[in-house]
Amino acid sequence: MKKFLILFLVACTTMVQAQDAQQWTMFSKVTATWCPFCGQYGWDMFEGTLDEIDVDEDNVLAWTLHYSGDLINDPARDIASNFGNVGQPNFFVNNDDINVNPSNVAYKIEEAKETASFLNDLGPLAKVDIKADYNGTEFLIAVDAEFLSDVTGNYFLSVFLVEDNVINFQQSQGPNANHRYVLRQSLLDDTWGKNIITGDVSAGFKDNIDLTFPITIAEDEDVSDYHIVSVIWNKDATDTYRVINMNREQVQELSSATKEIASDLGFATSSVNGSIIIEQENASDYEVQIYGVNGQKIYTNKAFGNQQLDLNLDMGSIYLVHLIQGGRIATEKILIK
């Protein structure tokens with residue numbers, strides 16, 4: 001760990017620090033629901049660290065990676081493998097195993113807290129901003145990445161869904177254990193996401209990802225349990241993805257005033273001859289976003305008044321149309337015909 005901290009400090013001496021840019025630290029528990037130790041000292045380690053670290057105020061991404069068991073998912077397996085994980089429970093601060101065992105939990109909780117505090121005081125190489133809203137039928141997600149220093153290499157931007165307070169079996173805890181901050185899935189095509197840099201870029205380089213994720217939150221669920229996580233990784237010469245920076249944003253439910261059908265904002269939408277037709281009652285400025293039902297953004301543009309969008313969309317397919325005006329979002333599903 002000391003060697004890692006020294007190397008990290010040296011690497012950060014040339015970073016440009018911005019007032020609105022913050023360095024985050026990743027704290028990962030690799031676990032499995034069938035594992036007795038994961039529900040014993042592994043449980044105590046994760047819960048104890050959450051008690052000592054304010055994950056919101058201290059800029060720490062704490063999450064559980066279920067690489068086996070009935071909460072298993074591919075991104076959790078990919079990330080655990082990337083860290084060189086063998087077995088469970090294991091704990092990593094960024095890419096480094098902090099070697100937790102049944103006899104050193106209290107010491108390791110303090111070590112994780114101090115390490116995160118140290119790392120978060122360093123100037124970030126890059127920053128990530130996230131906006132995540134729920135409109136009643138889907139998450140509306142915008143991720144913006146910006147590099148604050150000149151860089152060379154292979155950099156990726158990933159986006160994940162994390163769910164807090166997942167009630168599920170855990171060996172040694174019972175059938176109704178409360179699992180905190182469970183990595184659920186990647187919201188992009190694969191775990192590592194979008195390759196945003198290959199080669200050299202200068203400070204100030206920016207990239208972004210906009211997507212929707214169709215989901216219906218049941219009345220007995222809390223939308224605030226859902227978090228969107230975005231991570232910037234550097235893929236090194238050994239094909240290891242190194243943690244650079246990250247962010248986590250709790251999904252916010254849009255107010256009732258924003259969850260309107262298109263007609264409530266003075267719009268009417270339809271499809272004719274393969275085109276999307278947007279008619280506006282009173283001509284004014286607005287923004288149009290078109291998404292496939294898989295969340296992929298097809299089109300975005302500013303608009304004024306009536307529009308006919310000829311986008312070569314698939315006949316017979318359904319698309320999501322977002323009309324954004326004055327801080328309000330109208331969403332409709334359109335069948336292309």
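Guide: Happy to! A salt bridge is a side-chain nitrogen of Lys or Arg within 4 Å of a carboxyl oxygen of Asp or Glu. Side chains of opposite charge can pair when their charged atoms come close. Keep in mind that this model is predicted.

Let us begin with Asp164 and Arg180, whose closest N and O atoms are 2.7 Å apart. This pair links distant parts of the chain, 16 residues apart. Asp164 sits in the loop between strand S7 (151–163) and strand S8 (166–170), while Arg180 lies in the loop between strand S9 (174–179) and strand S10 (182–186). Asp164 counts as buried because its relative accessibility is 6%, under the 20% limit. Arg180, at 21%, counts as partly exposed.

Next come Lys127 and Glu146, with their closest N and O atoms 3.8 Å apart. They too connect distant parts of the chain: Lys127 belongs to strand S5 (residues 126–134) and Glu146 to strand S6 (residues 138–147), 19 residues apart. Both of these residues are buried. Salt bridges with shared partners join Lys127, Asp129 and Glu146 into one network.

Finally, look at helix H4 (residues 105–120), where Glu111 and Lys108 are three residues apart, so about one helical turn separates them. Their side chains meet in a salt bridge of 3.1 Å, N to O. Glu111 is buried at 13% relative accessibility, and Lys108 is buried at 9%.

Methods:
Residues are numbered from 1 along each chain as its sequence is written. This is a predicted model: local features need pLDDT of at least 70, side-chain atom pairs count only at pLDDT 80 or more; totals for chains, interfaces and linings use all residues. Side-chain values use heavy atoms; hydrogens and water are left out. Helices (H or I, at least four residues) and strands (E, at least two) are DSSP runs, numbered from the N terminus. Buried means under 20% relative accessible area, exposed over 50%, partly exposed in between (1.4 Å probe, protein chains only).
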